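Colleague: I would like to go through the contacts in this model and ask what each label rests on.
Modeller: Go ahead.

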2 protein chains.
Amino acid sequence: MTRPRPGGVPPRLFHPRSVAIVGASADPLKLSHRPLEYLRHGGYEGEIFVVNARASEVAGLRSYARIADLPAVPDVAFLVVPGAQALQAATECARLGVGSAVVASTGFAEAGDEGAQRQLALTALTEEWGIRFIGPNTNGLYATHQRLSLGYNAAHAQRLAEGPVSIISHSGALFSTLSARMNAGAVGLAKFVAVGNEADLDMLDFFAYLVDDPQTQVILLVLEALRDGERFLEIAARARAAGKPVAVLKLGTTQAGAASTNAHSSRLAGSARAYRALLDAAGVAQVSSVEALVAFSRLALTHPSGWQPRGVGLGVLTASGGGGTLIADAVVGHGLEVAALDRATANALTAIKGSPGLTNPLDVTSIGGTLRSGETAKLLAADASVDAVVAFLHTLPSAQGRAAFARAIAEARRHSAKPHLVIAPGALPAEQVALLAAEDVPVFSDSASAIEALAATLKTARPPLAHTSASAKAPQARDAEDVDGRAAALQVEPGQPRVLNEVAAMKLFAGAGIACVARGFVADPAEARAFAARCGGPIVLKGVVDGVEHKSDAGLVHLHLDTPEKVDHAFAQLQRALADMPVPGRICAQQMMRGEVELIVGVVHEAPLGRFLLLGMGGRYAEAIDDVQLLRMPASRAAMHAFVCSGTVGRVLNAARWPRPRTPEDIVDVLDRLQTLATALGPALQAMEINPLLIGDAAPVALDALMVLKPEGDHP
Amino acid sequence: MTRPRPGGVPPRLFHPRSVAIVGASADPLKLSHRPLEYLRHGGYEGEIFVVNARASEVAGLRSYARIADLPAVPDVAFLVVPGAQALQAATECARLGVGSAVVASTGFAEAGDEGAQRQLALTALTEEWGIRFIGPNTNGLYATHQRLSLGYNAAHAQRLAEGPVSIISHSGALFSTLSARMNAGAVGLAKFVAVGNEADLDMLDFFAYLVDDPQTQVILLVLEALRDGERFLEIAARARAAGKPVAVLKLGTTQAGAASTNAHSSRLAGSARAYRALLDAAGVAQVSSVEALVAFSRLALTHPSGWQPRGVGLGVLTASGGGGTLIADAVVGHGLEVAALDRATANALTAIKGSPGLTNPLDVTSIGGTLRSGETAKLLAADASVDAVVAFLHTLPSAQGRAAFARAIAEARRHSAKPHLVIAPGALPAEQVALLAAEDVPVFSDSASAIEALAATLKTARPPLAHTSASAKAPQARDAEDVDGRAAALQVEPGQPRVLNEVAAMKLFAGAGIACVARGFVADPAEARAFAARCGGPIVLKGVVDGVEHKSDAGLVHLHLDTPEKVDHAFAQLQRALADMPVPGRICAQQMMRGEVELIVGVVHEAPLGRFLLLGMGGRYAEAIDDVQLLRMPASRAAMHAFVCSGTVGRVLNAARWPRPRTPEDIVDVLDRLQTLATALGPALQAMEINPLLIGDAAPVALDALMVLKPEGDHP
C-alpha cells in the first residue's frame, strides 16, 4: 500500500485545454475511430490533436505521426493503440510532459504475465516523469458540465444530461446501462470514470477528487475491489462531512460472481463479508443492482443535505389493500419496519374516519377516499415513528381521485423533510409523474430496487457508530504490558510455527484477560488424575500435535472422563495414537464444560481492507450454519454492542428465555480484549479465533482457540 | 370445509347472453355509473338491462325499478347497490332465477359482525335457490375473448389485449397494476376475476374453471388465504396435467404484511411457511411482487408445454464483464447456479478463442466479439448443464455488433427448447426487442423480478416429488396396531389434558418406532440410583407437572448426575420444588445424552391448509435461530429426503466433517414414523414435536417431546 501518490487527480484531467487522440483510425467503422467522433459530437470546446502515423488526416483533422510532433503539449492524451505500442506511446507522452493519459488500450494486467510486466512499466513512468494514467483497459471518462466525452462506450456517443451524480466504475461497459437508466429516471450525470486496471490513478483517487468536486452531489461506485480500506474510510468520512451521499454496487459478492470477476479483470474480489463490514463502518450504502444504484441516486437527490432519520420506520400509503400488503411484505426483508403510528396520529385518523382501528399501511379508500387523502398523507408524514413514506399507486377509476391522491402525496412531501417515494409497478401517467417530481417525490416502477435503495438510504443517512474510541482507549495497564510483552515475544521467535496450537493460543487469550477453560499439559496418568481431582468434575484429554487442526477426526480427543479409570484408559489410548503421528505431541487435560450456546469469535485480517472482528454461532458445524459477521477494527464498544445484538447471535440473546441479561456486554468485553490483543500483536497476526466460546448462565468461557500468524517476511 | 358446492363456476358467467346492472347511477360522475359505461365500451355484444328505481333511463337505456320487472331473466346480474340493499337485490335475483350475481357492493364480512351476518344470508341464498355469487366486495371480472368488462376498476375502462394469461385475485385494486404491467410486457389477458369475500364461489372454484378454460394457458393467483389445501393440490395437479403453468403472488408473507391483510379483508393470512410448503407440494411457483408475477407469465409463454429442465444451471451470456458478474451474483440468492460447462463446450470455446480458460458467465467480447457471437450463444444453449440462458445486454458501441449479438441470442433460442431471456436495465432499442420477441426471448429491464421469475420457473417446471407414496405405504404391521391402539385410546379418554406431558408424548413416539432416550418415573432415590446404574453413566432428573412446559425455568431439571450422592441430592431438591407446585407432579429419570447437533422435528396442523412435517435446528434457542421448514403431508420418502437435505440442516449434514453418512436417511425414518403416527392419531392432533432430536455419531435419539391435542369438539 504505497498509495496514494501525491497530487491525486490532476485538475486538468476534466478541464483539458487540449486533447490528443493517439491511434485514432481514419476508418469510421473502426472502434479506434470513435473516440474522436464522440469527443466532437459531445461538444468539447478545447483543441483536438490526432496522432496516427498511417494517415495524414483523420476526419478532417491533420494527423501527426508521433506525439513528439504535436504543435503543443496536450493536457490529456487518449491512447487507443494496442498494448505494446501503448507503452511506447505512453512513454512519449511522459517525456513530452503530457499531464494525463487515458490508456484505453488492453493487453495489460488483465492479459497474463506479459501484460502485467507492461503495466508495471506504465506505473514506473508515473514515478519517473510525473505523468498520471487512467487505465489501462479503460473505456474512458465523461464530464457533462465540461462537455468532455472521452471514450468509446455507446454512452460516449450521446450528449448526456448534465446533473449532480458522478460515477466511478471498475466496469466500463456498464456505463451505457447506467446512463440509460439514469436518463429514464430523469437523473443527470456530472462525471463518469472507468478506472480500468488502475496502474496509477485508482478508484480511491477519483473518490477523493469527487468529494471536492463542486458539480458532484452524489457519488456512485461500481466496485470490484478496493486497494486500501483505511483510505476508503477516510474519504467516505470526508464525503459525509461534505453532505454527499455515497453508494456502492459491489461486483462479485458471491462465489460465482467473484469467479466471474476474476475471469475478466486483474483484481481479486475479496470477501463479500469484509466489504459489507467496511462499507458499514464507512456509512456507505451497498446495493445489489444497477437499478438499485440509480434508484439510490434518485432518492438521494430528493432529501436535504444533512437530513437524518430517527430509525427505519415507514409510513405506507395506498389506495388498495393489496398494494399496502405487498409493500409491507417487501420492506421487511430489507430490514425496514412498517411504523407503529403514534397515539396522536391514530387519534387524528379515528377522528377523520369516525371509528378507530386504522393502521399503517394506511388505505386512504377506507378514510374518506382519495378525494380527502390530503389530510391523511400529511398525518402520516408528520408521525414521529415514520422516517419515510412509501405510497403504492395504481391507476384509480376516477380521474379526480387519481389527481387528488398524487396531489396529496406531493403536498405532504412539500411540508416534510422525510423522503417520499411512489411505487407504481403499472406505471403512472406522465402528468402525475411530473406533479410528484416537482415536489421531490420520485416514482418507481420496480418495487424491489426502489425498496432496496430506500433501505440503503435510511441505513446510511445517519453517521455510522464511531469506530475510533476503542483504539484511542488505553487498555488496563497491567494487561497492556502483559499483552505487549507476549506480542513482542511472538514477533522475535525465529522459526515459530505459523499455526499456534490451542495451548499456546489459549495462553495468549488468557493473558489478554479472556476467561479460558482450566487446562494444562499432563505428563502421565497421575498428573491427569490430579488435574481431574482439582476440577471436581469430568475432564477431557487431548493429544496436541503441531499441524493437526482437526483433533477429533484424528482420534485425539477423549471427552466425559469422570472416573480415574476412564482417565487412565484415555491417557493410554492417546499415547498410542500420538506414537503414530509424524511429529511428537503432548497430552493436554481440560475441564469438561457444557453451556447452552456456543459462539465463534475472533479477528481476521483481510488485506487490503483491514482487520475485522468476527462473531457467529459456533461449535463444530459453525461453517455449515455460516452466519458469521464481521465488524471492522478499530471498533468502539458502542459499535461492538450493536454488532453483538444483530444477526443470529443477537436473536438468540434477545430471546425471552435467555438466562443472563449481561451476556451482550460480556461478549463486548471479549471482543474488546481480542481487539486489544490483535493490536498488540501487530501485523504478524493473520487470524485468531475462539471456537467455541461458551455462553449461557455464566460468563463466557473460551473452550478452544486457534491463532494463525503470517509467514515470516509476509508482513512489513 | 363444506366446499366445493356442486357445479362450480356456471358456464354462462363468462358467456352471458344478457347482463343486468343493478343500481347503475344515471350520474356519469358516480362510481356506480361506471360499470355500465365500461361494459359498453368493452364491446359486450349481449343484451344489457339497467335496474334503478330512481331513474327511468340511464345512459340511453330504459331503467327498470325492480329486478323482477326485467323483460327477461339475465344470465348475470352486477350489483352496485349498498350492502343492505344488495342483500335484497340478491334475493330478488335468486328468486327470479338469475344464474350468477357479481356482488360489487361492500358492507359484508369485511365490515364487522353485521356485515358477516349479511354475508351468511347471501350464502344461504345460494343453498336455497342455486344462484351463484361472485363477491361480495369484488371489483368485478373481465374476459377479453368474450369482450366482457364487468367491473369498476380503472382497467375495466380499457379494451385490454386478448391473450392466454388468466388471473384470479383476492385484491381487486391490483387489477389495473397487473394489466398495465402485462401491457408493457406485451402479454395479453384471457380472464380476470376479483373473488372478493368469497361468500359463494371462491378462488379454488375459479382455479378449477380456468384449468379447463381453452383460452387460458397460464394461471396467476393473487392470494391472501386458501380455504382448502387438499383441493388446491388436486386442482394444481390437474393444471400440471393440462400443461398450464401456475404462479402465486401470496399477500401477507410477513407479520407486517399479514397484519395489513387482516386489516382490509375478512381473511386470515395464515403461516407463510405453510403456504410455501403447500405451493412446493403442488409444484406451483411463488413470487413476491406484481413485477415477478407478470415476468413469470412472460417466461411461461416462451417455453413449450411439457418442457422440463434438468436442474437449475444457467448459461450467462454478456458483452460486458461487469454485467456477467452482476447476473452471477444475483442468481445465487434465488437458488440458481451458474452452470459449470461441460468439457465438450469448454473445448469448443477454446477452439474458437485459440486459448483455454473461458468460463461461464461467457463474455463474448473475449471470444471473437459480438460479430462472432452466434456460435458462442449456440454452444451455451446446447450445453447439458445449462437449463436456461440469461443474457445481460447493454447498448454496444457498434450498431453492427448490437444487431449481431441480439441475432445470435434469438438464433440460439430458435434451436433450443431452453428458456432464454435478456436482462437490460438500460432498456434496448425497440427493433432489438422485437427481433428477440419473435424468437420467444423476452427482454426485462428489471433484473430482480426477472431472475425471481426464472427461478420460480425452473423450480416448478419439473413435477414436484410425489407426495402420496408414503400415505399409500402400509406401516409395519405390529407398529400399526400399536399406534392405532394408542391413537384410539387418545381419542376416547375424556377430560384428558390438551398438552401431553413429555412422558406420555415420548411413550407414543417410542411406540411409533422412534428411538427415545431411556427414561422412566422413579418413586424414590433408590429407584433413581438403580436407573442410573442401569444407564452406566450420568442421568438427568426432572419434575414432570402437567401444564409446566418450561421445566428448566421452573427449576425442575437437574443435569449431569454422575454419582449416587448427586442423584440423592437432586431427588430431594426436586421433591421440595414439586411440593410448591399447584398440581401434583412426579419425578422422571432420564439417561444424560450428548450429541453434536440438536434438531427439532414434528408435525403441525395448519388449518385449512393441512398437516405438515416440521424440521429445523433445535435446542433451547431453536426459536431464535428460526430456520424451521415445513413439508406437506402426506410426503413420500423421496420428498422427505429432499427436505432433509435442504436448508440449514442440509448444510450441516452435507459438511465434509459430518461423521455419519446415514444421518439423512435416519432423519427420514423419524419423519416417516411421525407421519404414520400423526395419521393414526387423526384429527385430534394439533401439533407434536421432538426437540431436541440428537444427531451425530449415532442414530437419532429423541430427548424431549411435546404433543398438543385440539380442544374436544374442535375436530370432526
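Colleague: How many salt bridges are counted between chain B and chain A?
Modeller: The model is a predicted one, and the count between chain B and chain A is one salt bridge.

Colleague: Why is the pair B:R181 and A:D446 called a salt bridge?
Modeller: The N to O distance between the side chains of B:R181 and A:D446 is 3.6 Å. The cut-off is within 4 Å, for a side-chain nitrogen of Lys or Arg and a carboxyl oxygen of Asp or Glu, so the pair qualifies.

Colleague: What else lies between chain B and chain A?
Modeller: There are 14 residue pairs in polar contact, both residues at pLDDT 80 or more. On the side of chain B that touches chain A, helix α10 (residues 321-332) of chain B gives the most, with nine residues. That side divides into 34 nonpolar, 30 polar and 13 charged residues.

Colleague: How much area do chain B and chain A bury between them?
Modeller: About 5800 Å², with 57% of it on carbon and sulfur atoms. In contact are 77 residues of chain B and 77 residues of chain A.

Colleague: Within chain A, what makes A:E230 and A:R632 a salt bridge?
Modeller: Their side chains meet at 2.9 Å, N to O. That is within 4 Å, and the pair joins an Arg to a Glu, so the label holds. One salt bridge is the count between domain 1 and domain 3 of chain A.

Colleague: Which element gives the largest share of the side of domain 1 of chain A that touches domain 3 of chain A?
Modeller: α8(A), with six residues.

Terms used
Residues are numbered from 1 along each chain as its sequence is written. Chains are lettered from A and ligands numbered from 1 in the order in which they are written. This is a predicted model: local features need pLDDT of at least 70, side-chain atom pairs count only at pLDDT 80 or more; totals for chains, interfaces and linings use all residues. Side-chain values use heavy atoms; hydrogens and water are left out. Helices (H or I, at least four residues) and strands (E, at least two) are DSSP runs, numbered from the N terminus. Contact means heavy atoms within 4.5 Å. Buried area is the accessible area (1.4 Å probe) that two parts lose on being put together, summed over both. A polar contact is a pair of N or O atoms within 3.5 Å; within protein, one must be able to donate a hydrogen and the other to accept it, and residues adjacent in sequence count only if both atoms are side-chain atoms. Ala, Val, Leu, Ile, Met, Phe, Trp, Tyr, Cys and Pro count as nonpolar, Asp, Glu, Lys and Arg as charged, and the others, Gly among them, as polar.
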